[in-house]
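Subject: A structure for you to explore

Hi there,

Here is the structure I promised to pass on, with the sequence alongside. Have a look at it first, and then read my notes below.

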Amino acid sequence: MVLLFASGCGVRRFVPAGETIYKGAVITIEKDSNVHTSSRSLRKQLQLAVKTRNSKLFFGRPYKVWWWYVIGQPKHPKGIRAFFRKKLGEPPIFSSSVNAKITAANMRAFLANRGYFQSVVTGDTINKNYFTTAVYKA
């Protein structure tokens, strides 16, 4: 029963053509030998520079986006449907709202403001199925 329910909870059929759902950012750190800050601390600081939030996932599926589409557009802004859509669902974050190159430039400026001069940050996106992941290398 659980497998049947999980297979029917796909959000792929609701995603518009040519769009993918933003899954989040992956930040890898390559430190110079004279940097004494831990990679974990740097990663947390750089996560602050990533402005776009990701869709919440449960077992690899964006369950809140699924609720957003299944409940549908409410007819009245204060009805029961609007209440459940606000409490259970969240609007999808599409890959078109993510610009990895600009975010990498923001990360580079963020590092320079924190005292890490001449740092290099590159950004790219990886598409897999109907998900997009932003990958940053600092």
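The protein chain has 5 helices and 3 strands. Read from the N terminus, these elements follow the order α-β-α-α-α-α-β-β. Please keep in mind that this is a predicted model.

How spread out is the chain? Its radius of gyration is 19 Å, while the globule rule gives 14 Å for 138 residues, so the protein chain is more spread out than a compact globule. Along the principal axes, the C-alpha atoms fill a box of roughly 55 × 35 × 25 Å. Of the 138 residues, 33% are buried. If you take the contacts with a separation of 6 or more, 64% of them join residues 24 or more positions apart.

Now for the surface and the charges. The protein chain exposes about 9,500 Å², and carbon and sulfur atoms supply 58% of that area.

Next, the inside. Which residues have the most contacts within the largest nonpolar core? They are Ile27, Leu46, Met107 and Tyr136, in a core of 19 residues. At least two residues of this core come from each of strand E1 (21-28), helix H2 (39-49), helix H5 (100-113) and strand E3 (131-137). H5 gives the largest share, with 5 residues.

Leaving aside neighbours within four places in sequence, its contacts include Ala25, Val26, Ile27 and Thr28. Val50 is also among them, as are Ala100, Thr103, Ala104 and Met107. Thr122 and Gly123 complete the list for Tyr136. There is also a second, separate core of 7 residues, which includes Val65, Phe94, Tyr130 and Phe131.

Val65 turns up again in helix H3 (residues 63-71), where Lys64, Val65, Trp66 and Ile71 are buried. Just after H3 comes glycine 72, with a positive phi of about 85°.

Is glycine 24 buried or exposed? Its relative accessibility is 6%, so it counts as buried, the cut-off being under 20%. Not counting residues up to four places away in sequence, glycine 24 touches Asn54, Thr132, Thr133 and Ala134. Serine 119 is 95 residues from glycine 24 in sequence, and the two C-alpha atoms are 23 Å apart in space.

Alanine 82 sits in helix H4 (residues 80-88). With 13% relative accessibility, alanine 82 counts as buried because that value is under the 20% cut-off. Setting aside neighbours within four places in sequence, alanine 82 is in contact with Pro74, His76 and Pro77.

For a contrast, turn to lysine 128, found in strand E2 (residues 122-128). Lysine 128 has a relative accessible area of 61%, and it is exposed because the cut-off for that word is over 50%. Lysine 128 and isoleucine 21 are 107 residues apart along the chain, yet their C-alpha atoms are separated by 10.0 Å.

Finally, some backbone angles. Most residues other than glycine have a negative phi. Which values do glutamine 118 and asparagine 129 take? For glutamine 118, phi is near 55°, a positive value in a residue other than glycine. Asparagine 129 also has a positive phi, near 55°. Glutamine 118 lies in the loop between H5 and E2, and asparagine 129 is in the loop between E2 and E3. Glutamine 118 is exposed, with a relative accessible area of 81%. Asparagine 129 counts as exposed as well, at 64% relative accessibility.

Enjoy looking around, and write back with any questions.

Best wishes

Notes:
Residues are numbered from 1 along each chain as its sequence is written. This is a predicted model: local features need pLDDT of at least 70, side-chain atom pairs count only at pLDDT 80 or more; totals for chains, interfaces and linings use all residues. Side-chain values use heavy atoms; hydrogens and water are left out. Helices (H or I, at least four residues) and strands (E, at least two) are DSSP runs, numbered from the N terminus. The radius of gyration is taken over C-alpha atoms; the globule rule is 2.2 Å times the number of residues to the power 0.38. Buried means under 20% relative accessible area, exposed over 50%, partly exposed in between (1.4 Å probe, protein chains only). Contact means heavy atoms within 4.5 Å. Accessible areas come from the Shrake-Rupley method with a 1.4 Å probe; for residues, only the protein chains shown count as cover. A nonpolar core is a set of buried Ala, Val, Leu, Ile, Met, Phe, Trp, Tyr and Cys residues joined through side-chain atoms within 4.5 Å.
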